[in-house]
Amino acid sequence: MTTLARCTSCRAALRPDERGRQGCLSCQEIVYRGLRDLSGRTGLYAALSEALSPSRSGADGPRTSGGAAEPSLGVDSRVLDLMSPTTGVHAVLLSWATDWARLMHRPFDDPRFNSVCRGLAHHLGWAVYHHPAWADFATEIGLQVALCREAIGQAPRRLPAVGTCRTLLTDHTQCGGDLHYQPDTITTRCRACHTAAPVDWRAIHAAVTGTAA
Ligand SMILES: [Zn+2]
Ligand SMILES: [Zn+2]
């Protein structure tokens, strides 16, 4: 007897070589890339401090949206929130890293940001099989990456539609709305009726690279 298991993030059916995983390989790769993008000297987290430096707060700096009456302090409060030692990106990742170390019965001795990212990236293979909150972790990393990009004015590229919604409406016609992939939550959703659709990586790849069949 076979059980049909699905990725807990994108809901795609797991392939035979993915049996036993909570998340599919593609979602694990997205999380890996997120940790890589956050860390390092040119990573998103380093870019937050860069965005705080006064020399960068001019035309180059993060743009604030909203009303014209917004006071210009030269510093984006979103950047400060993300750098908060208690609730910012570092704190969020640190809490996952200490939790993983505890569950793996491993010592945890280097709380520096890049080291935390490296450690999490290194143990993704364990977490995708064994961590009880893998899907929450995957969503969290995607969210932190998206928040950082937004705060430093590197908003995620708007992706093209990846398909057409086939949800049956109450009048028994198909919705026909555009399906859009949302990287921060690893879901595909209809713009019209907001129904979540299975994530089709091949369709997303084709849409992004402009090679749609
Ligand atoms: Zn997946
Ligand atoms: Zn729809």
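Predicted model: local features only at pLDDT ≥ 70, side-chain atom pairs only at ≥ 80, totals over all residues.
Visitor: How many salt bridges does a search of the whole structure find?

Guide: The search finds eight.

Visitor: Why is the link of Asp-37 with Arg-36 called a salt bridge?

Guide: The closest N and O atoms of this pair are 3.6 Å apart. A salt bridge needs a side-chain nitrogen of Lys or Arg within 4 Å of a carboxyl oxygen of Asp or Glu, so a value of 3.6 Å qualifies.

Visitor: And what makes Asp-37 and Arg-149 a salt bridge?

Guide: Here the closest N and O atoms are 3.0 Å apart, and the limit is again 4 Å, so this pair counts too.

Visitor: Which parts does the pair of Asp-37 and Arg-149 tie together?

Guide: Asp-37 lies in helix H1, residues 25-38, and Arg-149 in helix H7, residues 134-151, so the pair joins parts that are 112 residues apart in sequence.

Visitor: Why is Asp-37 called partly exposed?

Guide: Its relative accessible area is 25%. Buried means under 20% and exposed means over 50%, so Asp-37 falls in between. Arg-36, at 47%, is partly exposed by the same rule.

Visitor: Arg-102 forms a salt bridge with Asp-99; how do you know whether each one is buried or exposed?

Guide: We set each value against the cut-offs. Arg-102 has 55% relative accessibility, over 50%, so it counts as exposed. Asp-99 has 18%, under 20%, so it counts as buried. Their closest N and O atoms are 2.8 Å apart. Both sit in helix H4, residues 89-103, three residues apart, which means about one helical turn separates them.

Visitor: Which residues are linked in a network of salt bridges?

Guide: Arg-15, Asp-17 and Glu-18 are linked in this way.

Visitor: Back to H7: how do you know that its span is close to the expected one?

Guide: H7 has 18 residues and reaches 26 Å from its first C-alpha to its last.

Visitor: Which residues of H7 are buried, and what covers them?

Guide: Among the buried ones are Trp-134, Phe-137, Ile-141 and Cys-148. The cover of the buried residues includes H1, H4 and helix H5 (113-122).

How values were computed:
Residues numbered from 1 in each chain as written. Chains lettered and ligands numbered in written order. Heavy atoms only, no water. Buried < 20%, exposed > 50% of the residue type's maximum accessible area, 1.4 Å probe, protein only. Helix = DSSP H or I, 4+ residues; strand = E, 2+ residues; numbered from the N terminus. Expected span 1.5 Å × (residues − 1). Contact = heavy atoms within 4.5 Å.
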